[in-house]
Amino acid sequence: MSAVTQADQAAPGAIPAGGLIGRRGLADRSFQWLALAAGMLVLVILVLIAVSTTQQAASWFSTEGWGIFGTVWDPAANKFGAMPFIYGTAITGIIALVMAVPVSIAIALLLTEVVPYRWARPIVYVVDLLAVVPSVVWGLWGILVFAPWLQHIYTDIASGVSGIPVLDALFGQPVSGASFFTAGLILAVMITPIVTSLSREVIATVPTIDKEGAYALGATRWEMITGAVWPHSQGGVVGAVLLGLGRAMGETIAAALVIGSSPTITSHLFAPGYNMPAVIANQFGEASGTFRAALMGLGVLLFIFTIIINVIARGIVERNARRKRGA
């Protein structure tokens with residue numbers, strides 16, 4: 001009896017495997033080139049943005065040199081030191097992280113490890129809705145409602161810490177409702193939904209068997225979280241935090257409305273200040289010549305800082321992934 005070929009064994013009307021493989025290969029190659037083109041387009045756009053803004057800021061860089069990191073910003077005297085704005089951006093970003101990160105991680109753990117799913121869904125919807133509130137709404141609420149209310153609290157705190165060495169330097173006089181601390185609080189509210197959402201997605205990827213194994217060994221819920229959930233998700237959570245920091249550093253309208261618009265470097269967190277996005281938004285319309293180039297240069301610096309933060313976040317996530325794979 002002759003051998004039965006694979007084609008004879010195939011069901012009537014079946015398409016040969018070679019035909020399927022050929023068509024699937026063409027589709028895969030087409031998708032690969034399309035995805036590559038899309039990724040390269042993003043990189044090209046970023047490079048074009050960097051090149052064009054750097055060209056427009058070239059006169060500031062060439063005129064000031066290392067003086068771009070000076071502490072005096074006085075357009076009338078043609079002095080454009082960026083350090084007060086770099087300082088303000090860093091301070092408000094740090095305040096936002098200190099306020100937002102514990103709350104965000106706590107909410108993420110609450111939604112994934114404590115609250116039942118049917119109760120967690122409404123909370124998830126509310127948190128996600130906070131992320132779509134326009135920044136100008138947060139800024140107007142901050143300057144019209146939040147800042148006047150906070151100024152009374154700032155005054156009481158400044159009176160209470162008067163004479164205490166460290167606390168007086170941080171929370172003493174002068175005080176203003178529009179200040180570094182108010183801007184940091186507004187930014188904290190704005191980045192909390194982002195950090196919460198990303199952290200929740202990362203924590204949800206923890207294998208159930210790891211958590212059940214911790215319970216089987218007699219661990220409490222807190223011990224299960226610290227021993228099984230956190231080691232698995234800490235890299236992703238750190239990446240989410242750094243992405244939130246990037247958002248806080250780049251926020252413009254809300255910060256411009258509540259930070260106080262004072263280009264000073266001071267340790268007093270309740271004093272008015274300035275940051276890079278705010279000064280660009282407030283002064284670009286009246287700028288020309290070197291003044292305009294200086295503002296464009298601030299945009300270049302902010303662009304660089306934001307990219308560095310995002311690269312660090314990506315590196316932390318990848319390092320954590322390699323460590324879990326045992327590489």
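This is a predicted model: local features need pLDDT of at least 70, side-chain atom pairs count only at pLDDT 80 or more; totals for chains, interfaces and linings use all residues.
Residues are numbered from 1 along each chain as its sequence is written, and side-chain values use heavy atoms, with hydrogens and water left out.

View A. Ser 261 has a positive phi of about 55° although it is not a glycine. With a relative accessibility of 35%, Ser 261 is partly exposed, whereas Ser 262 is buried at 19%. Here buried means under 20% relative accessible area, exposed over 50%, and partly exposed in between (1.4 Å probe, protein chains only). When neighbours within four places in sequence are left aside, Ser 262 is in contact (heavy atoms within 4.5 Å) with Pro 272, Gly 273 and Tyr 274.

**View B. The salt bridge between Lys 211 and Glu 113.** A salt bridge is a side-chain nitrogen of Lys or Arg within 4 Å of a carboxyl oxygen of Asp or Glu, and by this rule the model has three salt bridges. In this one, the N to O distance between the side chains of Lys 211 and Glu 113 is 3.4 Å. Because Lys 211 belongs to helix 9 (residues 208-216) and Glu 113 to helix 4 (residues 83-114), the pair ties together parts that are 98 residues apart in sequence. Both Lys 211 and Glu 113 are buried.

**View C. The salt bridges Arg 200 to Glu 201 and Arg 247 to Glu 251.** The closest N and O atoms of Arg 200 and Glu 201 are 3.6 Å apart. Arg 200 is buried, its relative accessible area being 15%, while Glu 201 is partly exposed at 45%. For Arg 247 and Glu 251, the closest N and O atoms are 3.3 Å apart. In this pair, Arg 247 is partly exposed at 30% and Glu 251 is buried at 7%.

**View D. A nonpolar patch on the surface.** The patch is formed by Trp 33, Leu 36, Met 40, Leu 41, Val 42, Leu 43, Ile 45, Leu 46 and Ile 49, which together have about 870 Å² of accessible area. Patches are made of residues with over 30% relative accessible area and no salt bridge, like charges being joined within 9 Å and nonpolar side chains (Val, Leu, Ile, Met, Phe, Trp, Tyr) within 5 Å. Accessible areas come from the Shrake-Rupley method with a 1.4 Å probe, and for residues only the protein chains shown count as cover. Val 42 lies in helix 2 (residues 17-56) and is partly exposed, with a relative accessibility of 48%.

**View E. Backbone geometry at Pro 174 and Asn 78.** The peptide bond from Gln 173 to Pro 174 is cis, with omega near 5°. Pro 174 is found in the loop between helix 7 (165-171) and helix 8 (180-203). Asn 78, although not a glycine, has a positive phi of about 60°. Asn 78 is located in the loop between strand 1 (73-74) and strand 2 (79-80), and its relative accessible area of 46% makes it partly exposed.

Notes. Helices (H or I, at least four residues) and strands (E, at least two) are DSSP runs, numbered from the N terminus.
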